Amino acid sequence: MSDEQSIELVERSQVSAKAAEFKAGGWRLVQISSVPTLGGQEITYSFDKAYRLQSVRTTVPNADPVLPTITGAYFAAFTYENELQDLVGLKVLGLPLDFKGNFYRKAMNAPLTSSNPDGKAG
Amino acid sequence: MGTRTVIPFGPQHPVLPEPVHLDLVMEDEKIVEAIPSLGYVHRGLEKLAAKKDFNDMVFVSERICGICSFIHSMAYSTAIENIMKVEVPERAQYLRVMWAEMSRVHSHLLWLGLAADALGYESLFMHSWRVREKVLDVIEETSGGRVIFGTCKIGGVRRDVDAATLDKTLKMFDDIEVECQEIVHVFAGDPSVHKRVAGVGILSKDDAYALGAVGPVLRASGVTWDARKLGYAAYGKLEWEPVVETGCDVPARVLVRAKEIFQSIGLIRQAIKKMPKGPVEVRVTGNPNGETIMRVEQPRGELVYHIQANGTKNLARFRVRTPTFANIPPLVKMLPGCELADVPIIVLSIDPCISCTER
Amino acid sequence: MGIMSKSPWILHYDGSSCNGCDIEVLACLTPLYDVERFGIVNTGNPKHADILLITGAVNEQNKEVVTNLYAQMPDPKVVVALGTCATSGGIFRECYNVQGGIDTTIPVDVYVPGCAVRPEAIIEGVVKALGVLELRAAGKAQTHTPTGKVKA
């Protein structure tokens with residue numbers, strides 16, 4: 001497989017600057033995903049350039065669930081960031097298109113968090 | 001500046017087989033802004049990973065979408081195989097290519113039909129679907145299913161296909177290729193189709209790349225990128241080049257998909273001819289532990305599986321980023337400046353798959 | 001055969017299906033299966049429809065849509081649940097956004113299982129629905145109750 005992958009850990013505050021670096025380097029935003037951990041969420045940003053995948057990862061504690069936006073560099077990130085707000089319950093600061101939790105229509109708030117282990121409404 | 005009105009497009013619209021919703025901000029007949037919203041078919045299946053065994057998740061992933069079903073299960077299985085370092089037998093790799101390309105042919109024919117319907121060209125719609133049924137016959141002959149194949153599993157594929165059936169498959173595709181040529185000839189050469197769509201839904205090369213477009217939308221804007229070049233399954237051992245068009249508009253997207261039908265038929269032939277003999281699955285024991293981001297090319301574009309496993313039978317995270325999700329920002333970019341009457345065909349030109357997107 | 005079953009009009013709604021059953025419903029209308037030769041016409045308008053075909057499970061978002069569509073159809077009417085998800089919630093039964101089969105929201109007359117449901121099975125289900133439609137038009141079939149199941 002030529003699909004090389006590497007993950008770099010960064011502070012939450014550096015996310016926007018890091019995204020701008022990737023943008024300047026000609027990378028394409030592939031995805032933003034979240035993984036629930038004990039007491040927080042791991043957010044992974046993946047970028048592609050010439051079939052190489054490079055990811056940046058940061059952690060967001062449940063006690064302070066805010067995340068800066070990367071839409072300054074990648075406008076298309078608004079879909080992923082609204083998804084994070086809806087399904088994981090984060091607050092993304094500075095979103096240009098903010099659906100305020102209504103991007104998905106769903107039975108419960110923030111279903112994809114560790115505090116919702118069952119994930120079945122009602 | 002004229003008066004602005006907001007026209008809701010969808011969720012129920014005659015041209016849409018599935019519910020999606022756009023708020024169109026209009027100035028007279030021109031679109032100024034398009035705001036999407038999702039969730040009419042949101043099921044929340046990523047959460048099922050916490051309840052189902054990782055082996056059973058193959059069935060769930062196959063049912064994320066009933067059109068690219070096999071490619072979903074292949075992506076998921078390959079992701080788990082990468083984590084568990086399972087060597088899949090070669091014959092299974094070639095069979096996976098064969099089935100994946102069959103689903104691409106049926107998906108593109110389905111899309112060409114829907115596009116013809118959106119243009120008001122009903123007989124072309126019916127012909128595309130008539131030929132598609134022949135592809136479904138081959139799929140049924142080889143896998144047993146029509147739209148849900150159920151043949152992929154972690155460690156290989158569930159059933160082998162004997163030599164006689166493979167021969168028959170080749171013959172049937174010779175026939176299908178001729179019929180596809182006739183259909184594509186109408187799409188590419190018919191002046192009324194051309195007049196209707198030329199220059200509609202422009203997405204420049206830079207915008208396509210910057211907004212993260214994938215699949216035929218990206219390639220129709222002149223960017224050479226096809227996830228199959230990553231070489232998963234047996235794609236690394238086959239000879240082919242991504243289809244690229246530079247028109248940046250709806251006809252370019254039609255052409256990319258039309259040419260990909262023939263490319264896929266070519267790949268099916270290669271896969272069948274190069275397919276070695278041998279077993280089609282290996283036994284997989286234990287639970288996965290690790291992480292991977294798996295990318296494959298669906299008919300609609302790059303599909304991403306982010307899997308994190310923690311050594312138990314339930315995955316820590318099962319995350320799917322589908323191609324239509326990535327193509328929403330480009331769609332929002334294409335619409336402003338267009339006429340209201342062009343909205344249906346532009347929305348269709350990204351080949352939206354909503355059940356994929358909303359999971 | 002009475003008046004009702006000579007040319008039944010069909011309304012199709014996609015609950016939260018994976019598309020598999022939906023494209024099979026569409027396949028029924030295209031040349032190979034071509035249900036129009038039986039006088040079956042696909043309509044987009046619930047007020048013209050006799051038979052409601054639903055694919056996929058009911059979720060939080062569309063339960064009102066399903067109830068509305070059903071309420072808008074004129075009597076006599078028949079509901080056919082197509083595919084495993086529509087009959088029981090299927091593989092997505094345990095999802096947080098899924099409520100269950102169609103009969104958790106509106107009464108269903110004919111259950112057609114299958115994942116994905118085959119075109120032949122869809123046509124058979126519609127033919128069974130015609131029987132129910134005839135009986136109901138003649139006032140002989142049970143009227144609907146929220147969980148009422150009618151053997152066709």
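Start by selecting C:Glu24 and B:Arg146: they form a salt bridge, with their closest N and O atoms 2.7 Å apart. Keep in mind that this is a predicted model.

**Stop 1: chain C against chain B**

Stay at this interface. The rule finds two salt bridges across it. Four residue pairs are in polar contact here, both partners at pLDDT 80 or more. Now color the elements on the side of chain C that touches chain B. Those that give two or more residues are strand S1 (9–14) and helix H1 (20–29) of chain C. Which of them gives the most? H1(C) does, with six residues. Color that side of chain C by class next: 17 residues are nonpolar, ten are polar and four are charged.

Select the whole contact. It takes 31 residues of chain C and 37 residues of chain B. Chain C and chain B bury about 2900 Å² between them, and 62% of this lies on carbon and sulfur atoms.

**Stop 2: helix H2 of chain C**

Select residues 63–72 of chain C, which make up helix H2. Which residues of this helix are buried? They are C:Val66, C:Leu69 and C:Tyr70. Look down the axis: because these residues cover an arc of only 95 degrees around it, they sit on the same side of H2(C). On the other side, C:Glu64 and C:Ala71 are exposed.

**Stop 3: chain B against chain A**

Move to the other interface. Select 44 residues from chain B and 49 residues from chain A to see the contact. About 3800 Å² is buried between these chains, with carbon and sulfur atoms giving 55%. Pick out B:Lys47, B:Tyr209 and B:Ile293. Together they supply 17% of the area that chain B buries against chain A, more than any other three residues.

How many salt bridges are there between chain B and chain A? The count is four. Zoom in on B:Arg295 and A:Asp48, which form a salt bridge with the closest N and O atoms 2.7 Å apart.

Now color the elements of chain B that give two or more residues to the side touching chain A. Among them are strand S3 (30–37), helix H7 (205–210) and strand S6 (289–298). The largest share, five residues, comes from S6(B). Finish with classes: this side of chain B has 20 nonpolar, eleven polar and 13 charged residues.

Terms used: Residues numbered from 1 in each chain as written. Chains lettered and ligands numbered in written order. Predicted model: local features only at pLDDT ≥ 70, side-chain atom pairs only at ≥ 80, totals over all residues. Heavy atoms only, no water. Buried < 20%, exposed > 50% of the residue type's maximum accessible area, 1.4 Å probe, protein only. Helix = DSSP H or I, 4+ residues; strand = E, 2+ residues; numbered from the N terminus. Arc of directions from axis to C-beta. Contact = heavy atoms within 4.5 Å. Buried area = accessible area lost by both parts, 1.4 Å probe. Salt bridge = Lys/Arg side-chain N within 4 Å of Asp/Glu carboxyl O. Nonpolar A, V, L, I, M, F, W, Y, C, P; charged D, E, K, R; others polar. Polar contact = N/O pair within 3.5 Å; in protein donor to acceptor, adjacent residues only side chain to side chain.
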